[in-house]
Amino acid sequence: MRAKQAEKRYKNLIGGKWLAAHSRKTFENRNPADRDDLLGTFPSSGKADVAAAVAAAKDAFATWRLVPAPRRAEILYRAGELLAQRKEVYAREMTREMGKVLEETCGDVQEAIDTAFYMAGEGRRLFGQTTPSELPNKFAMSVRMPVGVCGMIAPWNFPMAIPSWKLFPALVAGNTCVIKPAEDTPLSTHNLVQTLMDAGLPPGVVNVVHGFGPDAGAPLVEHPDVRAISFTGSSEVGRIVGQVAAAHFKPCSLEMGGKNAMIVMDDANLDLAVEGALWGAFGTTGQRCTATSRILLHKKIARVFTEQLVARTKNLRIGNGLEKGIQMGPQVNQQQIETSARYVKIALAEGAKLLVGGKPLRGAAHAKGFFFAPTIFSEVEPTMRIAQEEVFGPVLSLLQFGTFEQAIEIANGIEYGLSTSIYTRDVNRAYAAVRDLEAGITYVNAPTIGAEVHLPFGGVKQTGNGHREGGTGAIDFYTTWKSVYVDYSDRLQRAQID
Ligand code: NAD
């Protein structure tokens, strides 16, 4: 029997101090591949903890906003370097806390490193505009100002990358932050923020409040001193967050779900498309907002593609993501397993045909974790729920089409609009797809996953509300414009009149 592990007790970070929740309540962080493996306990915070964190962030804003942006950026550079040194350690802890395989958690930390360096570069840009005035001896320009205290709420599937997309642009722009990590992955945010502190971030500039959505997330959204909210998670919770923020007239960035389609045309490189499908559908156990969850197959290649994909899927090695050779880890928790199982039932009842998988894995190798077999349905019709709703698990739907136009219509016929992809060798079709697919991201000859940090990330329709993370879109969200007029004429000049 395993010796009892010493319990690590993690804390909130408020005003530079590591503090327990006012209530003293805690929750456990356990490995979804092995429920005996306890990573530690975290504070189960509430309104009072959020209030203390917001007060600390408000205090720190008074000085942080006056630190020159290139100096703020130096801290991000240092944080990027420290993350690179700690990459393997943090990736291992991330695999233990949420299950995806080590190669992917290394990628998650790498995304935070890339974001650190990219956003540090913004410290010497943060460009505004200069423009002629309509009046003589008058100078006109626009400059970016920080927003103030920013509240951030994150999901568990990219537990270091997504917090870095929020924190780093906010910090370089001069804001202070309170972040509430997902309750399934508190450790990766802890590690990220510890790194920022080690890089020299002053106390109170970033504050972390751990806990559950309604207890710790909701008070953050409502707090009057929080000037902007950045939320990533489900459309269901995003709708609540957006409504509360709107009632307080707060800028609010919502990045939510997807039901992402890959189109495979009859002229596609099929080996490449099968390879892409496996990675897109079952990478991160299908728990990516950009996961390939629908594949639309041209009728001419549907049989061959399906046979190849099913054969490759049956050979996937599923297990603890820390073990060599494992290709797919567990789902993050029991609720996600139940959601996958529920959608299998729904799909069968709707008349879809189960080709492989369809149930949790319960053998000796999988007994201690939340493992679900990679699952593929064929004969899926565009209006079925399995073709419309986000599962957020390793459950893939195959649909068929006869013409390019039909493929675009099926791809667009959903409420979401995050990522899309097309496999074709016809450059005309590829560009027409780029133009016509209703989504924030389109890949050509690659699956629906694989975003890079310096391009805008986000979606249309029920995926988002018009903001973008990554790229300069993030800087747009975390700054407000101030227009500045400097009159050096020494007389009253009246715009639109003189
Ligand atoms: P979730 O909506 O259940 O939770 C997200 C966060 O919101 C968590 O931190 C949670 O504690 C918090 N929360 C819950 N209720 C709240 C409330 N009432 N007020 C304030 N905060 C509250 O989502 P999840 O299960 O963590 O993540 C999966 C979802 O996230 C999927 O739908 C996925 O598509 C989406 N996602 C989107 C993107 C994107 O950039 N578009 C990226 C990753 C994940």
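1. Strand E12 (residues 260–264) and strand E13 (residues 292–298) run parallel and are joined by 5 bridges. Within this pair, asparagine 260 sits opposite threonine 292 of E13. Do keep in mind that this is a predicted model.

2. Both strands belong to an open sheet of 7 strands with mixed pairing, in the order E14-E15-E16-E13-E12-E17-E18. Strand E14 (353–356) and strand E18 (441–444) are at the edges with a single partner strand each, so one side of each has no neighbour in the sheet. On average, neighbouring strands here are turned by 25 degrees against each other, direction ignored.

3. Two helices are worth a look against this sheet. Helix H8 (residues 270–282) packs on it, touching E12, E13, E15, E16 and E17, and its direction makes about 170 degrees with that of E12. Helix H9 (residues 302–314) lies across E12, E13, E14, E15 and E16, at about 145 degrees to E13.

4. Now to the ligand, which is surrounded by 27 residues, the closest being Ala154, Glu183, Ser234, Met256 and Glu390. The shell divides into 16 nonpolar, 7 polar and 4 charged residues. Helix H6 (213–222) gives the largest share, 3 residues, while strand E10 (228–232) and helix H7 (235–247) each supply at least two.

5. Methionine 256 places a backbone N or O atom 2.8 Å from a ligand nitrogen atom. The protein covers 89% of the 860 Å² of accessible area that the ligand has on its own.

Key:
Residues are numbered from 1 along each chain as its sequence is written. This is a predicted model: local features need pLDDT of at least 70, side-chain atom pairs count only at pLDDT 80 or more; totals for chains, interfaces and linings use all residues. Side-chain values use heavy atoms; hydrogens and water are left out. Two strands pair if DSSP finds at least two bridges between them. Helices (H or I, at least four residues) and strands (E, at least two) are DSSP runs, numbered from the N terminus. Axes are lines fitted to C-alpha atoms, for helices over the stretch in contact, and angles run from 0 to 180 degrees between N-to-C directions. Contact means heavy atoms within 4.5 Å. A residue is near a molecule or strand if one of its heavy atoms lies within 4 Å of it. A polar contact is a pair of N or O atoms within 3.5 Å; within protein, one must be able to donate a hydrogen and the other to accept it, and residues adjacent in sequence count only if both atoms are side-chain atoms. Accessible areas come from the Shrake-Rupley method with a 1.4 Å probe; for residues, only the protein chains shown count as cover. Ala, Val, Leu, Ile, Met, Phe, Trp, Tyr, Cys and Pro count as nonpolar, Asp, Glu, Lys and Arg as charged, and the others, Gly among them, as polar.
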